Amino acid sequence: MYEFAYHKPSSVADAVKLLSADPEARPIAGGHTLLPALKHRLARPTALVDLSGIAELRGIRREGDKVVIGALARHAEVANSDAVKGAIPALARLAGTIGDVQVRNRGTLGGSVANNDPAADYPAAVLGLGATVVTDRRRIAADDFFTGMFSTALEPGELLVAIEFPIPEKAGYAKMKNPASRYVMTGAFVSRGPQGVRVAINGAGPCVFRQREMEAALAANWSPDAVANIRQSPDGLNSDIHGSAEYRAHLVTVMAKRAVADAG
Amino acid sequence: MNVVTPFEGIGASVRRKEDLRFLSGRGQYTDDLNRPGQAYAWILRSPHPHARIRGIDTGAAAAMPGVLAVFTGKDMAEAGVGGLPCGWQVHNKDGSPMAEPPHPVLALDKVRHVGDPVAVVVAETRAQARDAAEAIAVDYEVLPAAVNMAQALAPGAPQLHEGAPGNLCYDWHIGDKAVVDAAFARAHKVARLELVNNRLIPNAMEPRAAIGEYDRGTGDYTLWTTSQNPHVIRLLMGAYVLHIPESRLRVIAPDVGGGFGSKIYHYAEEAIVTWAAGRLERPVKWTADRSESFVSDAHGRDHVTTAELALDQDGKILGLRVSTLANMGAYLSTFAPCIPTYLYATLLAGVYTTPAIYCEVKAVFTNTVPVDAYRGAGRPEATFLLERLMDVAAMETGIDRIELRRRNFIGSEQFPYQTPVALQYDSGNYHATLDQALKAADWAGFEARRAEARRRGKLRGIGVSTYIEACGIAPSAVVGSLGARAGLYEVGTIRVHPTGSVTVLTGAHSHGQGHETTFAQLVADKLGVPIAQVEVVHGDTGKVPFGMGTYGSRSLAVGGSAMVKAMDKIIAKGKRIAAHLLEASVEDIEFERGEFRVAGTDKKKTLAEISLAAYVPHNYPIEELEPGLEETAFYDPKNFTFPAGCHVAEVEIDPETGRTQVVNFTAVDDVGRVINPMIVEGQVQGGVAQGIGQALLEACVYDENGQLLSGSMMDYTMPRADDLPPVGVATHTTLCTHNPLGVKGCGEVGAIGAPPAVINAVVDALKEYGVRHVEMPATPERIWRIINANRPRMAAE
Ligand SMILES: Cc1cc2nc3c(=O)[nH]c(=O)nc-3n(C[C@H](O)[C@H](O)[C@H](O)COP(=O)(O)OP(=O)(O)OC[C@H]3O[C@@H](n4cnc5c(N)ncnc54)[C@H](O)[C@@H]3O)c2cc1C
């Protein structure tokens, strides 16, 4: 890595101040995405703003018909949280399948969602549950948050503070892992609840997206069979040495079917 | 056997002595070592697969903080540094020698693969060296690249080397073509298969590292390096590259974290740090990061083959005809030329009585990382071809695949058995290993398991491979006649200390194999010394007299045999000392259980008493015997050894995703006498893991521009624990007839036997789709495509 300055603020306000003052500074949460990028010299921030000392970013709690998870919640905390397991078991299960034990004990919800890796798990849950992203300055609906490959609606210097997940009646998740990286090759998060029926597909495209045809079919008939014959077009999907666009398109159907089965 | 401590001798599953050190973090690997005043090297590597170097501007880099020096290929060539030598010369069909283009330590006029070293920066810290390397400006004229073998051989292809027209390294053959063609002419059936043996990236757990040091006071050089054979490195680097006499160069390979072949070779970085240390009079350390390992460690396999098997009416094999393209990569790595020839084509008889075999091999230069031996080295390629072809032949003749194998097995009464491709097998019992494996795997009960899996929506298949391999390499005169530029004996010294403890100095090198335990067991068994009192020293040219190192499953068969010979000399000398002390004649002295005894009496001396007498020779036959008790033996094997066996794999495929899981694996191997069953089991399991990796997971992929797409663990699929089934390991022993221990070798059998067993199981699982072959790795998408392409036809039928 290259040299950088290091700051450890203790409030969101201080962090935002540091980040606004220096456009080349980056927040760091669990570091499990940013540190490898630094080590490979793929990123060259002037400063790292370590979020780990900010209490406001922590915590997982149920607030009425929502579960609110702080940006700094680690994957393992989400996976083991009684609040999450009770209200949205599919989200806890999803968190429990991210990476390996080490990754789950370092990586954070905020870091994953802010990073919006097309092969990440959480974005599917955020979009598939119709969650709301809360930042230091505004609230952003999931549908408006994920704007493209590794890009989000967050402005430079804007901090993701928490995510509010509405509690669904049913939700399920299924994924096919990339055999090498074990990230998501294609996954589907499905839910039925206050946000209607949602099907969010991750891994397959450059950015997590909703599969509207499947949503309509599931709204009419909530069963794996309802999506079994819906074909995803391969146009615009990702293609790499592990899975072509055609294969990923095929997996969209398989994973959606399995996600519905997982939801019950 | 002379076992004093029955639980430590031959056949005991003694826990590995070295593991306390390794498991408690006390291993001393090259990167753990730091020398006073040490500086750090960072190597600038080519980002292009093929480019001419028009110029290199190192000015800015040299002025960066902490930089001690920047060297280019020109600097090293001007200082007289030679190129990296190749240790094996193969000849063309017409008898002319192979093309052997120069392999500069740092690129001179051209770069020929992504990762080719271009310049080195030495600085006070590694980060400073790396920063400065980024400031080196290389003026590249990018050239079109020949990325795969078909491209490289095509007319008008980009030429890598002036001395290798058409990018051909050699066009070699073995066997009598006319006899084979005649066999095909009378064949009842010919089974034909085109297949690829996928290119693999070794990925030892410990990345390569090297520290060079120069002692201004003595003029001596020391190199610490991650090597499987430090004496070979000393020889090659000293004699060919840096021109340092052996007496001034010490090479130490301390604890080494895995090699699998990739740490056999003499690499540029070893010469660079040693030379730079001399220039700068500072120790210089280089450690690869994982990304560098992907583009600088020699890769493995990479064959494209067409094979045909001729059979008569009864399914007896009449002949085998094979044509292979073998990728050498951009340069010849140390032993590259012999892998797809003498370690491959000579194994094509397998365990069968095939009377006529012809194989031709074209070795091809491409703009990729050099390819050399990787666990199994040539033998997995031969075995995959043969065992796949047997299944295809079974399918096409309608003869059961087990029955077809049995009909063609070399019978246990036929040894020694001379194959038509040079090798003479000394022992084996192929029916026995097959029977034992089928029983252990419950082959007979498989159809019930297939039906049960079907009810769960899974396609289940079972596959078998009956393999043989040649290891314990090798008789020096034989390999010399085949082009080796080295002998392949091994050296062992047994040093009995005055109080009877023992130090073993061996030329073999342990980088995961457990030699410190197995070799100590040999001493415990033969000399009756508890293994706690046996020290095994290896990996240091300053301590061990000589050695050829560890590869080709040779450590026990060749290195262990050298130790036995040395121990025989110790016993012979001990008898003479005992005869003197016991006032008996030498002929009457017997040695057993650590004691020298006058036959038929209770007069005896322990080994410790004898060694004390030898080192404190007050009462000693000093006129006729030298004091001391230390013997060295060089052992040159009489033949290769031939481990063989049967592997059975059972797989389940998810037809919706194409994902294949190996659910059962059974290995029954004949590795000769087993010294430590636990270590053998571990070696077989590790080999099977790599074999399953090759079959299902690992693919080295270059894009059409010559960039390595599978250049990190994010894209190169290493097998992980949850990819692997429980592996049932058993042995069935026939003794090697020509070495004193009767041992054959177990290090590579897993990687050799497993891939065809797994792919045969995959093909079996997919049999309703009309599949006759599936290329490795059988990735989910590959399987899904097969299922997808064949489903409509199935539905229409
Ligand atoms: C071996 C390995 C395997 C993995 N496998 C998976 C997997 O299977 N599935 C998966 O989804 N992920 C996987 N990951 C990624 C892991 O989940 C990451 O931890 C996560 O994506 C990023 O979280 P982090 O806290 O580590 O973020 P960091 O690395 O600290 O930051 C990531 C990015 O987000 C920014 N950022 C962080 N926090 C905030 C915030 N509060 N507001 C605004 N911006 C912020 C940072 O500036 C940076 O750009 C894996 C990682 C590793 C190393």
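1. About 1,900 Å² is buried between domain 1 of chain A and domain 2 of chain A, and carbon and sulfur atoms give 60% of this area. Buried area here is the accessible area (1.4 Å probe) that two parts lose on being put together, summed over both. A:Pro118, A:Ala124 and A:Leu127 supply 23% of what domain 1 of chain A buries against domain 2 of chain A, more than any other three residues.

2. This is a predicted model: local features need pLDDT of at least 70, side-chain atom pairs count only at pLDDT 80 or more, and totals for chains, interfaces and linings use all residues. Residues are numbered from 1 along each chain as its sequence is written, chains are lettered from A and ligands numbered from 1 in the order written, and side-chain values use heavy atoms, without hydrogens and water.

3. Domain 1 of chain A spans 5-166 and domain 2 spans 170-263; the bounds come from an automatic or database domain assignment. Their C-alpha centres lie 23 Å apart. In contact (heavy atoms within 4.5 Å) are 24 residues of domain 1 and 23 residues of domain 2.

4. The interface holds 4 salt bridges, each a side-chain nitrogen of Lys or Arg within 4 Å of a carboxyl oxygen of Asp or Glu. A:Asp143 and A:Arg198 meet through their side chains in a salt bridge, at 2.8 Å, N to O.

5. Helix H5 (89-95), helix H8 (122-128) and strand E8 (146-148) of chain A each supply at least two residues of the domain 1 side that touches domain 2. Helices (H or I, at least four residues) and strands (E, at least two) are DSSP runs, numbered from the N terminus. H8(A) gives the most to that side, with 5 residues.
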